[in-house]
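Here's a quick tour of a protein model for someone who likes cut-offs spelled out. Take a look at the sequence and the structure first.

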Amino acid sequence: MLKDDNTHKPPLSGSIHRIIKRDKNGIKDIRFKKSGFKKCIQCGRCTASCPAAYLYPDYKPRDMMRRFMFDDIHSPEVKALIWKCGQCYSCRARCPRNCKAVLGVQALQTRSVLEGDAPSEIMDLSKKLKNNLHLRGETFLPSLMDPEILKEFGEKTYKRCRNNSSKREYLGYKKDDARRIPIPKESLEEIREIMKLTGFMEDVK
């Protein structure tokens, strides 16, 4: 009868050992583990359906999963690649193993922001969102929306929405009113307390 001390199991070695070890010494963000990189079979369906892979030849969800497997997630190259993901979840929809490369990318993006080495425009946006959340209880305000971005959604959407600011003014909204009814003061205080407890107040003005 085998003893329950794992002595009958063959020792882990090589790449498999490094994969299993990720849980102990790797990223603690639960999304990284839930990406399912341990069960990825590198079939490439995620890459075939990825809009970002179509736009950026150097970005491939399959390649990202391989990097997750072998702990190749600390290089400047990877830190640049993670910001090319549009988080559309197409990789999850097509995966026969129900892997989610996007979750691993999200975990790396969060780590990048927390460590302060994300692209400058991302860091600036992060601070703006935190400030908005602290001051108004909301993150994305109308003033942050660049009408030119709407061109990515097609000509019809751009024409329909490019003058939203004047339409909002006509309807009685102020420049940064994201809602008609302001968030109650009590709720805003709760939001600020949560930000304080979670460390989100550190770089808030």
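What follows covers the overall fold, the core, the aromatic rings and a surface patch.

## Ground rules

This is a predicted model, so local features need pLDDT of at least 70 and side-chain atom pairs count only at pLDDT 80 or more, while totals for chains, interfaces and linings use all residues. Residues are numbered from 1 along each chain as its sequence is written, and side-chain values use heavy atoms, with hydrogens and water left out.

## Overall fold

The protein chain has 12 helices and zero strands.

Of the 205 residues in the chain, 30% are buried (under 20% relative accessible area; exposed is over 50%, and partly exposed is in between, with a 1.4 Å probe and protein chains only). Among contacts (heavy atoms within 4.5 Å) with a separation of 6 or more, 60% join residues 24 or more positions apart. The accessible surface comes to about 14200 Å², and carbon and sulfur atoms hold 55% of that (Shrake-Rupley method, 1.4 Å probe; for residues, only the protein chains shown count as cover).

## The nonpolar core

The largest nonpolar core has 27 residues, and F32, Y59, M64, M65, F68, V105 and L108 touch the most other members. Such a core is a set of buried Ala, Val, Leu, Ile, Met, Phe, Trp, Tyr and Cys residues joined through side-chain atoms within 4.5 Å. Two or more residues come from each of α4 (51-55), α5, α6 (76-81) and α8 (101-115), and α8 gives the most, with six.

Leaving out residues up to four places away in sequence, V105 touches Y59, M64, F68, I82 and C85.

## Aromatic rings

How many aromatic pairs does a search of the whole structure find? Three, where rings of Phe, Tyr and Trp (its six-membered ring) pair if their centres lie within 6.5 Å; planes under 30 degrees apart are stacked, over 60 edge-to-face and the rest tilted. F37 and F68 count as edge-to-face because their ring centres are 6.4 Å apart and their planes sit at 75°. F37 lies in the loop between α2 (30-34) and α3 (45-48) and F68 in α5 (residues 61-69), so this pair ties together parts 31 residues apart in sequence.

F140, M145, I149 and F153 make a nonpolar surface patch of about 390 Å². Patches take residues with over 30% relative accessible area and no salt bridge, joining nonpolar side chains (Val, Leu, Ile, Met, Phe, Trp, Tyr) within 5 Å and like charges within 9 Å; a salt bridge puts a Lys or Arg side-chain nitrogen within 4 Å of an Asp or Glu carboxyl oxygen.

I149 sits in the loop between α9 (120-136) and α10 (155-161). I149 counts as partly exposed because its relative accessibility is 38%.

Notes:
Helix = DSSP H or I, 4+ residues; strand = E, 2+ residues; numbered from the N terminus.
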